[in-house]
Amino acid sequence: MKMRRTVSVLALVAVSGCTVGPTYVPPHTDAPSQWVVQPGTPSKPVPDEIWWAGFHDPQLSRLIHEALTRNNDLAAAEKRVEAAREQIRIEAAASSPVIGLGGIAENRRQSQTIQWPPRANAGDYRYWSLGFDGSWELDLFGMTRRRTEAARASAAEMQAERDGFRLRLLAEVGADYVTWCATEARVQVAEHRVSLAIRQRDLLTHEWTAGARARADVDQAEADLAAAQQIVPPLIAQAAHMKDALAILTATAPEAMQLTPRADLSIPMPPARPPSLPSEVLTRRPDIQSATFRYARDNAEIGVAVASLYPKVAIPLDFGVTTSTLHQAFTTASLLWQLGVTAGETIYAGGRRTAQIDAARLQRDAAWLGYRQAVLNALRDVEDRLATVADTESRLSSVNVELRAAQEKRAHAQRQFHAGETALSSVLVQDSMVDRIHDQAFATRQETALASIALYKALGGGWRAVLSRDGG
């Protein structure tokens, strides 16, 4: 009964201990209500975790799925998150008693010149021992709780870093695929330009032979053909590079990578985004989440350092039987136990512990500054991406107008040619002009799609606009 009462008192002391160190308060920085590049009344966007579905490209969705399920670096990042979560269990286990089981069976001999043990004149005897031993370090000042808190924050930080890698991975897959599509389309345009240049050269050569053209016209046609031919190989090489990059991202052997050009040689374009995006979307960015959890971890480490100033209190426990005759091992006479409290405190350590506290506080302050800088960097990142999207969309609108005008000129030249009002060379010149602007249009569409993907990445993922309940 006395032993049970002692254990109950010690347990009450253990659970009623305090937790030293500063209480964690999440960092907060006021964010602007609207973007500089895109001012206006904010819409009510909602997260769209599968933003790539808005491109309406099954092949892109397949590549994204393969990257999510097969990318080796992403899988390794997930393992690191799981390891960090296990560290929480490791730290929390320090608040539990440690109990061991042991036994001894041996023959012993003592000196015959001493008075202990009994029958010293015999010198040797048998020794049997079986029992439990344990120790329970009481977390009176919260060191274990602070370490567990720091481990939780570290695990959350590791998960945010995993999310950041996942976000970058998806953006890279999308960007590489868009680039591959655009390059494949530009290869087709470049090869068509070569065929037109060959026809133009042959036509001018024929006219020169007939005396209707100057030699300079033929020489210029030869130069135009050589220039057109030089465009094709770099584009083919770039398409191959993008295909190999996608193979690596999806953990596929390059020779086994299968990609099919889009039927109309178009480029998958992003869906329309909300007209105005509130800056609160930055709370989704993994880098800001990581900075937040880093601050929480360093704040908890202060508590760990402060707790080291206080005494360490533990409850040692030994319980078992010891006997020289095996048949008496389980009798009351062979029973032994020990229960008490041990306490220890370092009197002098040369200022090491106070220096650890100061270092922990400085580390926490640095984490706070890191969080603020992460917010500023994120704001700038989104503003830059919004500006880039606006620029590419404006240029794409202009090049589309230019392309339509060139196509109308070509159609007019073809009608004149069929009516006998102009030469074939005039038609070929207009065809070449359309191809040149078409190539520029493909390049600008690529830039527009890449800018939108970069914007999704800057926002921490995709967003789509919905109407509020009040119809706003």
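1. D439 counts as buried because its relative accessibility is 14%, where buried means under 20% relative accessible area, exposed over 50% and partly exposed in between, with a 1.4 Å probe and protein chains only. The residue lies in helix α8 (residues 424-458); helices here are DSSP runs of H or I with at least four residues, strands are runs of E with at least two, and both are numbered from the N terminus. Leaving aside neighbours within four places in sequence, D439 is in contact with R186 and V189, contact being heavy atoms within 4.5 Å.

2. On the basis of the work, this is a predicted model in which local features need pLDDT of at least 70 and side-chain atom pairs count only at pLDDT 80 or more, while totals for chains, interfaces and linings use all residues. Residues are numbered from 1 along each chain as its sequence is written, and side-chain values use heavy atoms, with hydrogens and water left out.

3. Confidence should be read region by region, pLDDT being the predictor's confidence in each residue on a scale from 0 to 100. The chain has a mean pLDDT of 83, with 84% of its residues reaching 70 or more. Confidence is lowest in helix α1 (residues 2-15), at a mean of 46, and highest in helix α2 (residues 58-70), at 95. Over residues 5-16 the pLDDT stays under 50, and the model has 12 contacts beyond four places in sequence for them; residues 466-472 are also below 50, with 4 contacts beyond near neighbours in sequence.

4. As to the overall architecture, the chain contains 8 helices and 7 strands, and 38% of its 472 residues count as buried. Among contacts between residues at least 6 apart in sequence, 84% join residues at least 24 apart. The chain exposes about 26,400 Å², of which carbon and sulfur atoms supply 56%, the areas coming from the Shrake-Rupley method with a 1.4 Å probe.

5. How do α2 and helix α4 (residues 143-209) pack, and at what angle? Their axes, which are lines fitted to C-alpha atoms over the stretch in contact, with angles from 0 to 180 degrees between N-to-C directions, lie 10 Å apart at an angle of about 145°. The crossing of α2 and α4 is right-handed. The contact involves Q59, L60, L63, I64, A67 and L68 of α2, together with R166, L169, L170, V173, G174, Y177 and W180 of α4.

6. I302 belongs to helix α6 (residues 286-307) and counts as buried because its relative accessibility is 1%. Beyond its neighbours within four places in sequence, I302 is in contact with P22, A360, R361 and R364. The C-alpha atoms of I302 and D358 are separated by 8.3 Å, although these residues are 56 apart along the chain.

7. H56, in the loop between β1 (44-48) and α2, has a positive phi near 55° and counts as exposed at 68% relative accessibility. A251, in the loop between α5 (215-249) and α6, has a positive phi of about 55° although it is not a glycine, and counts as partly exposed at 36% relative accessibility.

Conventions
A crossing is left-handed if the near helix is turned anticlockwise from the far one by less than a right angle, and right-handed if clockwise.
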